Amino acid sequence: MPEITLPIRTERLILRRFEGSDLDAFHAYHSLAETARFLPGPAKSYTESMERVGRYANFVFEKEGDWVALAIESADQAGLQGEVVLKWLPGRAQGEVGWALAPGARGKGYATEAAAAMLRLGFEELGLHRIEARLDELNTASAELCCRLGMRQEARHVDKWHYKGQWATELIYAVLADEWRVHQALKRTRP
């Protein structure tokens, strides 16, 4: 797998490696029930946040199962706004993308912009063939984000997960490298 050059810059964002100074901001939104609602596990304790930031800061991307976990920062305002991740899945050239944002960063298009950068990284630099996103069916904002990225719904697994005291239906969205390239070309030709 090729080296990942950081930071990744988009029109409005800087995607960079996590730092110890991100801990308090990370914990501020990961300790909220509204953030944890669509993530595995409950809201994080400070110790859990510390462990996660440490893991994210020291990520390696060398083999299946590894994660690229990047801090999302606004280009015009320093400070952690959220994170975006790309996981190398088992199987030939497969990946999974995910994201979480602080409440103040939601609704600004940051997750779409950051996830699009991760798709570009996965397809153009890392040579992935397919990238998917797995989400709770009730997470309509993330489903809409997947559609904006050019991903298509591939599966709906009814009552797939039992977490946080209830059954959840899992949706799987995915895009192939060729489909993503066509989606990018169409975006460039639209007025």
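## Aromatic rings and cysteines: exercises

Phenylalanine 18 and tyrosine 56 are both buried (under 20% relative accessible area with a 1.4 Å probe, protein chains only; exposed is over 50%, partly exposed in between). The model is predicted, with local features needing pLDDT of at least 70 and side-chain atom pairs pLDDT 80 or more, while totals for chains, interfaces and linings use all residues. Residues are numbered from 1 along each chain as its sequence is written, and side-chain values use heavy atoms, without hydrogens and water.

**Exercise 1.** Classify the aromatic pair of phenylalanine 18 and tyrosine 56.

*Solution.* Step 1: rings of Phe, Tyr and Trp (its six-membered ring) pair if their centres lie within 6.5 Å. Here the centres are 5.2 Å apart. Step 2: planes under 30 degrees apart are stacked, over 60 edge-to-face, and the rest tilted. The angle is 50 degrees, and the pair is tilted.

**Exercise 2.** Classify the pair of tryptophan 161 and tyrosine 163, and the accessibility of each residue.

*Solution.* Step 1: with centres 5.7 Å apart and planes at 90 degrees, the pair is edge-to-face. Step 2: tryptophan 161 is partly exposed because its relative accessibility is 26%. Step 3: tyrosine 163, at 15%, is buried.

**Exercise 3.** Decide whether cysteine 146 is in a disulfide or in none.

*Solution.* Step 1: a disulfide is a pair of cysteine sulfur atoms within 2.5 Å. Step 3: the structure as a whole holds zero disulfides.
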